Structure formats: C-alpha cells, structure tokens
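Thanks for making time this morning. I would like to walk you through one model, so please have the sequence and the structure open as I talk.

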Amino acid sequence: MAANFLLLDPQGYYVEFEDSYETSAWTGEDGTVAITLDQDAVNNEDHPSCMKIISTTDGKGGYIDVTVTAAIEHVVEFDYKITATQEIDWIIYDQSNAGNIASGTLDQTADWYGFYRRVTTPAGCTTIRLYLRAGTATGETFFIDNIGCSGNLILEDAESANYSRAFPRQANLHNMQRGNAVEDSSPPRMVFPLTWEYLTNAQFSELVKFIRSNKEAYFDDGNLPNFVELQAVYPENQYTFSDVTKPSAGSIAWYDTSVSLPNAESDFETTEFLTADYTAITADDSSSVDTSITTSSNVKKYVYHKLQFDISGAYVAINDIQRIKFKYVGECDDASGNDVDGVVVYVWHSNNWLRIGETTSKDKTTVDYITDEPVQAQDFVDIDDQTVTVLVRSRGHKGSDGNLTMKSYYLSLWINQDMGTGVILSNEFTLDAGGDVVEVKNMTDDNVLTLNTEYVIGDGRNNLKGMSEDAGDLIKVTYSPRISVVSSGSATDRWWGTATPTTPPRNVSLTLQTLNALTEL
Amino acid sequence: METGNLLQTSGGGRWEAFKKNTNRARRDPVISVMVENYGSVSALVKTVSLKRMIQDSLHEPMHGSATVVLEDTDGTLIKNGRSVIRRNDKVKVWTGFGRSGYRHGDLVPRFTGIVQEPTINSATREVTLALQDYGYLMKQAQTSGDYSAYNTPKLLLDELLSRLNLGAATWQNDSGLPTTYEIGNTTLSRRNYWKIAHGATLGIGYIHFFDGSGDMQCLRRDASVESGEVFRDSDIIGLRHVRMAEFVNQKSVDLNDAAPVPWSGTAGDSLRWGQATYTKHDKQSQALYGVSADYESEEMVSGWDNIFPYVRDSILWLKYPRHIYELRCAAHPYLDIMDKVRIDSDIQNIHGQMTVIGIDEYISASSYSQTLTLITHRELF
C-alpha cells in the first residue's frame, strides 16, 4: 500500500546536464534522433548547459531507464524549451510491465517552462522509461534541463498517534517601559517528528538513504499550508542599440581615452559611436566596436566605452523598476609589458559609478549582473532623466610599449524581466494532477486565470510565465509549496531483538525540519 | 529622514504603510545588502550592526561604520580560503519590514560605505565585513596648498568629494551661505579631507555627515528635520541621561590684529572665541601634530569681513546648556541624523524635543533594535 507521506529520495535520478555522460546515458529511439550536450544560446545564464534533442522523424525522441521501486509514488520533473512549432510528447512508461503510466503533450514554445508530475508505479514495476519525443514537426529542436525521477522513501506511514507538527519561530521581544512589548520575528518554519513503532528492514533501508545522504529532501504529509503571494504586473523591456543611428537623440554611446578614472555621471562623453558601431554592438555575435590606443603620447590612458540607454518611453516612476539585468560581452588586450588584460564594467549608481564586474582575460568574456530586489535595481536608474548608463573601462592603461585595444561586442539591459508576463514566487511549488498550481487570479480584473491559456508553469517550478495581463494589475498566486527538509537532531533505530542481526525489525524516530520559511498564508 | 522610494506619490506610495508597520507590536525585519562587483547578498545575511554619529560639540563629526555577517551557505563567498568580497568594495544596506504577501519588504537605505576588512571564519563558514562609510575615505586622503579656485564651502567640499569619486553633497539652503560665504584663507595646511570639510562647514554653522544612501548631507546646525515621531513609555525600552552636552560659548580666532567694533570694545583687545586649544603662541602643538586640534576652521578665516557667520552661527547652536540622552527602542529605520523627535516619558518625567545625533542599530531576521543618541533642544520658559 502506498504511503500517504512523501519523502523524496535525494539520491534518485537527477541530472543538470553538466557533463557529456549525462546526455550519453540517453538513448535515441532510432538513427534519426540526435541527442547532444548543448546550451540554449539565448538563455545561457539560466541554462548554461542542457540536453538538446533533434528528431527528423515525427514521434521519435530519446529515452532513459530509471530503476524504481514498485507501487510507490514518484516525482518526474524537468525544465524544457521548445523551438518554433515543435511539441514534446512525454511518456512515463512502465518498462517492467510494458504499459504507459502517464503521458501527454507539451506545446508551449520559445521559452523555458517547467514540467512536474507525481505518479505511482504499478505493482511489479522496477524500471520506468522516460520518453521525450518530437510531437509534430521534424528537424526542430527541444532542450531539456534539470530532469529528475525520484521515489518515495517512506514505505510505511509514521504512527498517527504521535504525529505532532511544530511551527517554531525565531523571535525577540523588545520590552517597553510601559510593560508592553514589540516582537520582531522571522516567519515560522515547520518541524515534522516521525516515529515508526515497527519497520521491517526493507522499509528502514529506504529511510536510511535519506539519513545517510546528508542532503535536503522534499517532504509532503498531504496537509501542507497553501502559500499566497502577490505581485503587480510591471512593464518589461529589453534594451539594446538596435536601430540606433548617429547622431542619436535617445539611447547613445560614446568612446573615449583618458588618464582619469570614472567620476561624474557625464564623464567620457567625447566621441559618439558611428551608426556601424551601434549595429556592431546590437547583437551578441562576432562583430564588435574596437577602440585602440597606439601612440606613445597616450601612455597611461584608459579606453572607455560609455553606453547609455534611454528608458523614458516606458519608465517615469522609480517604483516601476523592480528588477534589472545587464549583459555585457567584451574584451581588452594590453599588448604592452604591463599585460593587464580585461575590462571593468561600471553602472551609474545613485551618485557614483559602481563596478558590476570585471574580467582579467584578453579573450571575449561575458559580464552578467542581475538583481530582482527592487531597491537595488532602482539605484541603477537615473530617474530624473530616465537613463541607465554603463561604462566600460580597460582594466589596464596604455603601457610604454604595445597597443591597448578594447572591444565591445554586446550590451543588453533588461528591466523587469518576466514581470510583465509572469510572476516569480518565493518558493518552489508542487502541481496537481493536471500540472497546475492552486489558483492564479488577477485581483484587479477579478478574474481567475487559466493554465496554458493565460499563464504557463515556468522552469524551476517557482514561477509562472506566458501572461498578458495589463501593467499595474495585481496577480495573486495560491500554490502548494514544495517543502524542503533536512534531518534535525539524531535519528534513532531501536531494534526489536537481535535474532536477525542482518535484517532486524526496528523502532525508528526521525525529525524533519523545513528550510523554507512559511510565507504569508 | 530616510524614506527610500516609499514617499507618497500621485501614483501611490508606501510611506504611511511603512510607518505603521514600523510601529506595530509585531514586525518582520527585512534586510537587503548589495556588494560591488558581486551583487546581492541579502539571502546570506545573518546580522547587520551599524553606527553613525556626529558630535554634540563643535568638534569634527564622527564617520559611520557597520558590520555585516554573512553565511556562506552555497560556497560562493569563500574561494580558495579567501573572501570573494574584497577590501574597498562598496556596500549598501537597506533595512525595513516585511510586507504581507509580497516577496520583498518595504526598505529604506540605512548604510552605504566600503569594505575595510573582510574576515573569514572557516569553522562557521561566516564572512564578516567590517564596513566604513565614505567619511573613512575622506579621513584617508590628505591635501594642502592653494584652494583659491574653491573659495566657498560648497565649491571646496564638492571638489574634495569629486577627488574621491563620490557624488556632490546635498546642502540645505545651498544658495545661501554655502555658496555666498567666501573662505578668507584658501591656502590650506596639510589635513585630511574630513577635517577640511569640517572647517568649511563649521565656518558657516553647518554639520556634515553621510546618510544611509552614501550622500553627504550638509545641514544647518541650528535647523533640524521634524520627523513627527513621538516616543512615549510604550515605545521606549530605556531612556538614559548620559551627560551634559559640551558647552560652547566662545570661539577663538587668531588674526593677529585687533578686532573691530562690534567685536571688541577697545581696539587692540585680544578677543578669543575659542573651543580649540589653539593660541597664537601654541607652536609646540603645531610642531608635534602639524596643526592644532580643531584649527581647520579658524585657518579659513582671514579677516574680520568673513568672520561673522563663522563665529555667530557655530556658537549659537550650542551656546545654551544641553543634555545628551540615550534612547533604546524597537528600531525606527526612517530616523536619521539631525531628525527632531519628541520624548514624552511620564515614567521618567522626561519630556521635550530632541535631535538625533547618533544611531546604533542591530538587525537580524528576527530582531531589529536601535539606540538613538539624542541632544536636547534649548528650552525657553
């Protein structure tokens, strides 16, 4: 009988496709299927390496066999991205008994989304085969990342009479002269004390996997509180220098050479980029804006590229800035004896220049910076003139010999990424049998939204995507949290006799403690 | 008063809600910390303690400092036994309280500065950042010589800030004395920038300090910002009389010539307005320490024509007996240096307007406490 409680095996099948052996473990269904370790070039910050499947035959794809325990609950999950008109047909197949356990089709394209299903393995099932197949068109790619298939370590439910959950809080009282108090506290967590009066050795052997793993696992006793979170829809824009021409009255860029270090916001606005330069820096490709110092009279000068985005068309109030993301690609080669290669990337920040990253290589390198904390993001915007300004400096200055050459390949600024079309939550969630959260509601419109029509489950299972609600609308998400737990204190197993020392039955106590804070209920 | 982005606007605003949340009986402290060249470390913060203070006298104000303790939960802070966050990296700290149902709380900027020293405890996997505000940078930099191109307090201070790549100061009534008062002697002796800033601001009766955003605030000493905050016994954990404030009723200048009327009744009088220990004969002090203590302001005075605001305003602020109190309370993150608060303690029978001259705070995920150093206002009856 399947247990009611779920403690997911932290040592089950789970790969993030970091190494080639993780993709070579997958098998193509026939010769028309290519499975490789690759990266999604568009979203490589979030998915720097993943599995890429291309099938030239509709209905064919790849699969992997996972050893499982029969008749217990399992969780199958993965992130996916589908290009163009492709679809993914997924099948959770009982290889032992030759029959489908569950199947379906994923048809949300062009972004990373999340898949999560809880299934119970049939009796006698010791191998699950996961199929991921091209659903419609041929020759179109789909990417898979962070895929897992793990089973329940609890084969027998804990004693119901002793199941006493606790909600400990960290709190401090400030006692006032009047006798009243102010309590500062962090949100509560949960503690689950589990006791089994009698476990067979086979049942205990599963449980001890978690105790010995020293890892966090996911726990669900079937009665976890739903979480509710609110987020407004904010205008979302990605800025590059696409379509900018010299002279520009909007977004603008300059280059300069100077012995000075960055100081004022208006520094280094000397020579505007040519239209060809704007084109070169628009895409993350092989074309770049190159600036060199070659003459000995310019010794000790740095090279500067100053890149300013005009965001006035979309943002006039500072509170409209909730999240910011920079991506700069460049290089700098100091061919002098100093050999101080690389660039330093600054952003104008409130009242001075703040370094967001630097490189030390003369090779093309990416500097990323992202923050989803509104107060931090807002400091990068000069809301008085609605600009965001990035300054790139050669790390070294011109030496007495050799040239100093800086190349900028690409700069993009993304404000409120995914906040115009989605909601990011504080915790991971679990999904119901239909692959949905509890409820998504547009509070402003008083309208409950529909899965895969008005929103899609995002990758990582902690966000929703694919919305098209109006900016300013308030979205309320109610979801069942995916509670992670660790073993708290010392687990004990007390034997019911020593007659069978290799397989003793026992009394077991184990306390689980959540790492998640219970956010607003 | 630091309000961050919470000010009431036509499109809404969280200021009233934030103030109410601050004064609730139950609160969820929230911290946000950003580090230059690294990014946000908010999820790794265990505790933050910060201290910012000016002085109750005409001596140079103190600069702020803070300590941030981070837990390296994911191995990103400590690499090869060293802290990834390095000395001189800028750090900004926001504090506030959680907002029901929202991922991020309501926050105000509380401290901005640089890392003076990161230390690692490999046993606890903690990284402790000792921070100093930008006043520390100003104390590290020295200069001397001809500053005739910067002959007003505003010009001089903004130039010094600019040399440290810091933003210009915010001046109260900046079209007044900060720009109209001409410094008499602009050939400065060697001093650190902080002392020179003290000389320039004291000379016109101003006080300077760095606020939570890292902006230098230059405010009139005789003005304070009405916060509207009233501390009653139900808001006070402890209220302690610390001492009398330093009594200032004179100021010395050494012009080597007689003071004109009305400064002196008789030509040739050696009038001295002085808090400094300086006398014109104090050459031993100059030999030992380079310059006399608190002399930076006196040095900028060249003649009787530019001594008036310098003498009048700086003395006026502290010429009556005042008292220093220490108030412990559940933290009010929006209170800043020079904010005016009212104390109404029936239990201790202490009532009156006081100005914040020091802030000492400790914040963790489960506690946010605050100690305010207060100076009483002049009470006239």
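Predicted model: local features only at pLDDT ≥ 70, side-chain atom pairs only at ≥ 80, totals over all residues.

Residues are numbered from 1 along each chain as its sequence is written, and chains are lettered from A and ligands numbered from 1 in the order in which they are written.

Staying with α3(B), residues 153–163, the buried residues are B:Pro153, B:Lys154, B:Leu156, B:Leu157, B:Asp158, B:Leu160 and B:Leu161, where buried means that 20 or more other C-beta atoms, placed from the backbone, lie within 10 Å of the residue's own. Their cover includes α2, β12, α4, α5 and β15 of chain B.

Now to the domains of chain B, with bounds from an automatic or database assignment: domain 1 is 15–136 + 224–245 + 320–376, and domain 2 is 141–218. Their centres, taken over C-alpha atoms, are 26 Å apart, and the contact between them takes 19 residues from domain 1 and 13 residues from domain 2, a contact being two residues whose C-beta atoms, placed from the backbone, lie within 7 Å. On the domain 1 side, β9(B) gives the most, with 5 residues.

What does the contact between the two chains take from each? It takes 41 residues from chain A and 44 residues from chain B, and on the side of chain A the largest share, 6 residues, comes from β25(A). That side divides into 15 nonpolar, 18 polar and 8 charged residues, counting Ala, Val, Leu, Ile, Met, Phe, Trp, Tyr, Cys and Pro as nonpolar, Asp, Glu, Lys and Arg as charged, and the others, Gly among them, as polar.

The chains also share strand pairing, for which DSSP must find at least two bridges: β14(A) and β1(B), residues 26–27, run in the parallel sense over 2 bridges, and A:Glu183 stands opposite B:Arg26.

Finally, chain A as a whole has 4 helices and 37 strands, and buried residues make up 40% of its 521 residues.

Notes. Buried ≥ 20, exposed ≤ 12 C-beta atoms within 10 Å, placed from the backbone.
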